[in-house]
Amino acid sequence: MKIKTGIIGGTGIYDLPGVEGIEKRTITTEYGDVVVNIGRVGSRQVAFLTRHGEEHSIPPGEINYRANIKAMAKLGVKQIFATACSGGLNMSYEEGDLVIIRQFVEFVKNRPASFFTGKENQGKKIAHVDLTEPYCDDLCNILLKAAKDIGIALKDNATYCCMEGPRFETKAEIKMMQALGFDLVAHTQYPEVALAREAGICYAAVGMVANMAAGIKDEHVITEDVQENMAKIFHNVQSLLIRAVELTEDDRECWCMTALEGSFA
Ligand SMILES: [Zn+2]
């Protein structure tokens, strides 16, 4: 049976109680091997992988985003729910808030961001995939419904600013992002979301506000504090993801799945 639904867990989300019968599989792709946990939510199979590796040891700029998305595609995944531990920029947010990401802006450096690059693409065309709405509206609506079903608060419409990391941002950077109207800042949504679109996979992400970003509060951003806040919202995020999987039909159709057609110059 093909696995249609995937979950990519960011910082703090290293396992998923509620996924049963987990079996680890190594998926070989042309970009590298990826360890994926395959399990069940009810009668549905899901593939779960941890973005930073099983030991949280891969920094944002070194994550093999192409291998991760390709591994999901090879398993047959057509829809991905992801989590993104973030710094809050929007002053109406509080630590512990969950927010649906709808847009991104990126300032990353040297991350392979397309499947249609390099030697392996020689003689082929370049893909200019449409990312007007980078996140799948249908999956975002499923997340909103899931939150309602289980009675947890989920905000909507965040714009996520993707920085290179792994360092946290400077006060000046945060001031700039706030002036530009961004809501969240972190390091890993790009190019993951863009690669999913190229792979014809619907993609939605829940931002978790682990702390308010640098300079907003009159204190330093301490990684240990960020992790402590994460632990508080961990349970809610897990429940949200499981309910979202339950609500997602295996045989849904969506524009994201055919977005690559017509993308070649
Ligand atoms: Zn979609």
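Student: Is arginine 243 buried, exposed or partly exposed?

Tutor: The classes rest on relative accessible area: buried is under 20%, exposed is over 50%, and partly exposed is in between, with a 1.4 Å probe and protein chains only. Arginine 243 counts as partly exposed because its relative accessibility is 24%. This residue is found in helix α5; helices are DSSP runs of H or I with at least four residues, strands are runs of E with at least two, and both are numbered from the N terminus. The model is a predicted one, in which local features need pLDDT of at least 70 and side-chain atom pairs count only at pLDDT 80 or more, whereas totals for chains, interfaces and linings use all residues. Residues are numbered from 1 along each chain as its sequence is written, and side-chain values use heavy atoms, with hydrogens and water left out.

Student: Which residues does arginine 243 touch, not counting residues up to four places away in sequence?

Tutor: A contact means heavy atoms within 4.5 Å. On that basis arginine 243 touches Ala146, Asp149 and Ile150.

Student: How does threonine 5 read, buried or exposed?

Tutor: Threonine 5 has a relative accessible area of 0% and is therefore buried. It lies in strand β1. Isoleucine 174, by contrast, is 35 Å from threonine 5, C-alpha to C-alpha.

Student: Why is helix α1 described as largely enclosed by the rest of the structure?

Tutor: An α-helix has 3.6 residues a turn, so residues three or four places apart point the same way. In this model, eight of the 11 residues of helix α1 (residues 65-75) are buried, so the helix is largely enclosed by the rest of the structure. The buried residues are Tyr65, Arg66, Ala67, Asn68, Ile69, Ala71, Met72 and Leu75. They pack against β1 (5-9), β2 (20-29), β3 (32-41), β4 (44-50), β5 and α4 (189-198).

Student: Where do backbone angles call for attention?

Tutor: Most residues other than glycine have a negative phi, and most peptide bonds are trans. Just after α1, glycine 76 takes a positive phi of about 100°. Asparagine 110 is not a glycine, yet has a positive phi of about 55°; it is found in the loop between β6 (98-106) and α2 (137-150) and counts as exposed at 80% relative accessibility. Asparagine 157 likewise has a positive phi, of about 70°, but lies in strand β7, and it counts as exposed at 54% relative accessibility.

Student: Which residues does the cis peptide bond with omega about 10° join?

Tutor: That bond joins tyrosine 190 and proline 191, and proline 191 is found in helix α4. The peptide bond from glycine 165 to proline 166 is also cis, with omega near -5°; proline 166 is found in the loop between β7 (155-162) and α3 (171-179).

Student: What are the protein donors of the zinc ion?

Tutor: Donors are N, O and S atoms within 2.8 Å of the metal (3.2 Å for Na, K and Ca); water is not among the atoms, so sites may look incomplete. Here the donors are the SG atoms of Cys136, Cys202, Cys254 and Cys256, lying 2.2 to 2.3 Å from the zinc ion. Their spacing in sequence is C-x65-C-x51-C-x1-C. Cysteine 254 and cysteine 256 are both buried.

Student: Why is the arrangement around the zinc ion tetrahedral?

Tutor: Ideal angles at a metal are 109.5 degrees for four tetrahedral donors. Four donors count as tetrahedral if all angles lie between 85 and 135 degrees. The four donor atoms around the zinc ion subtend angles of 105 to 115°, which makes the arrangement tetrahedral.

Technical notes. Tetrahedral: all angles 85-135°; square planar, octahedral: opposite > 155°, others 65-115°.
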